[in-house]
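Please keep the sequence and the structure in view while reading.

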Amino acid sequence: RKSKLNLARLFRMADVPKLFHALLNGVLKRSFFGEESITPEFLKEQVFANSDISVEEITSLFDACTKLLKQGAFENWDPARLEFLLKKSKFSPTQQEVLLKFWRIQRPKINNIMRQKCSWNNSLLRFEWRIDVKSVSKDIPQMNTPTAIVELTVGDTSQEKIVRFEIDKEQLQHTVAQMNSILQLLGQ
């Protein structure tokens with residue numbers, strides 16, 4: 001019963017939007033960006049220094065927020081789902097509002113981090129193209145043959161590689177047919 005009272009008191013004391021937002025930023029940095037220096041002790045020093053909230057109480061709130069954000073990231077909650085779940089939680093209306101605003105802003109970053117953690121290989125980062133018409137060649141005086149110049153950027157966030165190539169109409173048709181086959185298999 002005493003821990004429930006302490007947690008309820010903590011939720012009331014952390015009801016200042018600015019402080020609660022700072023705690024959420026700490027959760028984000030530690031849980032998703034891997035900044036191990038962000039600890040409840042650090043938050044006590046930097047965020048809650050002027051309050052009588054103990055490190056243990058900050059740890060409880062930190063853990064509750066971590067669990068909520070990790071579950072939201074794993075299940076890819078939209079803001080409406082988070083709002084529905086928050087109404088059933090112990091978070092105050094002010095904290096719920098801060099959490100929703102925080103989630104709306106940080107959700108794309110969190111989803112990108114989750115996607116990067118799940119990707120072991122390079123991926124297609126950019127796809128660019130343009131049409132080029134060859135008008136003259138050494139062997140053929142008037143060609144007027146259109147080709148596509150394709151540029152693919154592949155890699156991950158730490159290293160990118162650019163691949164450029166030319167593709168004519170027949171090669172493009174073959175490539176599109178292959179891509180459609182892949183799309184059908186992915187749709188099954």
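## Terms and basis of the model

Axes are lines fitted to C-alpha atoms, for helices over the stretch in contact, and angles run from 0 to 180 degrees between N-to-C directions. Helices (H or I, at least four residues) and strands (E, at least two) are DSSP runs, numbered from the N terminus. Two packed helices are described by the angle between their axes and the distance between the axes.

The model is predicted: local features need pLDDT of at least 70, side-chain atom pairs count only at pLDDT 80 or more, and totals for chains, interfaces and linings use all residues. Residues are numbered from 1 along each chain as its sequence is written, and side-chain values use heavy atoms, with hydrogens and water left out.

## The chain as a whole

The protein chain contains seven helices and three strands. Along the sequence, these elements follow the pattern α-α-α-α-α-α-β-β-β-α. Of the 188 residues in the protein chain, 27% are buried (buried means under 20% relative accessible area, exposed over 50%, partly exposed in between, with a 1.4 Å probe and protein chains only).

## Helix α4 and the residue after it

Helix α4 has 21 residues and reaches 30 Å from its first C-alpha to its last, close to the 30 Å expected at 1.5 Å a residue (the expected span is 1.5 Å times one less than the number of residues). Its buried residues are E57, I58, L61, F62, C65, T66, L68, L69, G72 and A73.

N76 follows α4 and lies in the loop between α4 and α5 (79-86). The phi of N76 is near 55°, a positive value in a residue other than glycine. N76 counts as partly exposed, at 41% relative accessibility.

## Helix α4 against helix α6

The axes of helix α4 (residues 55-75) and helix α6 (residues 93-118) come within 10 Å and cross at roughly 55°. The two helices are therefore oblique to each other (angles under 35 degrees count as roughly parallel, over 145 as roughly antiparallel, 65 to 115 as roughly perpendicular and the rest as oblique).

In this pair, L68, L69, G72, A73 and F74 of α4 meet L99, F102, W103, I110, N111 and M114 of α6, where contact means heavy atoms within 4.5 Å. By class, the contact of α4 with α6 has nine nonpolar, two polar and no charged residues (Ala, Val, Leu, Ile, Met, Phe, Trp, Tyr, Cys and Pro count as nonpolar, Asp, Glu, Lys and Arg as charged, and the others, Gly among them, as polar).

Helix α2 (residues 17-31) packs against α4 at an angle of about 60°, with the axes 10 Å apart. F20, L23, L24, G26, V27, R30 and S31 of α2 touch I58, L61, F62, C65, T66, L69 and K70 of α4. Nine nonpolar, three polar and two charged residues form this contact of α2 with α4.

How are α2 and α6 placed, and at what angle do they pack? The angle is about 15°, and the axes are 10 Å apart. That makes α2 roughly parallel to α6. The contact joins P17, F20, H21, L24, N25, L28 and S31 of α2 to T94, Q95, V98, L99, F102, Q106, I110 and K117 of α6. By class, the contact of α2 with α6 has eight nonpolar, six polar and one charged residues.
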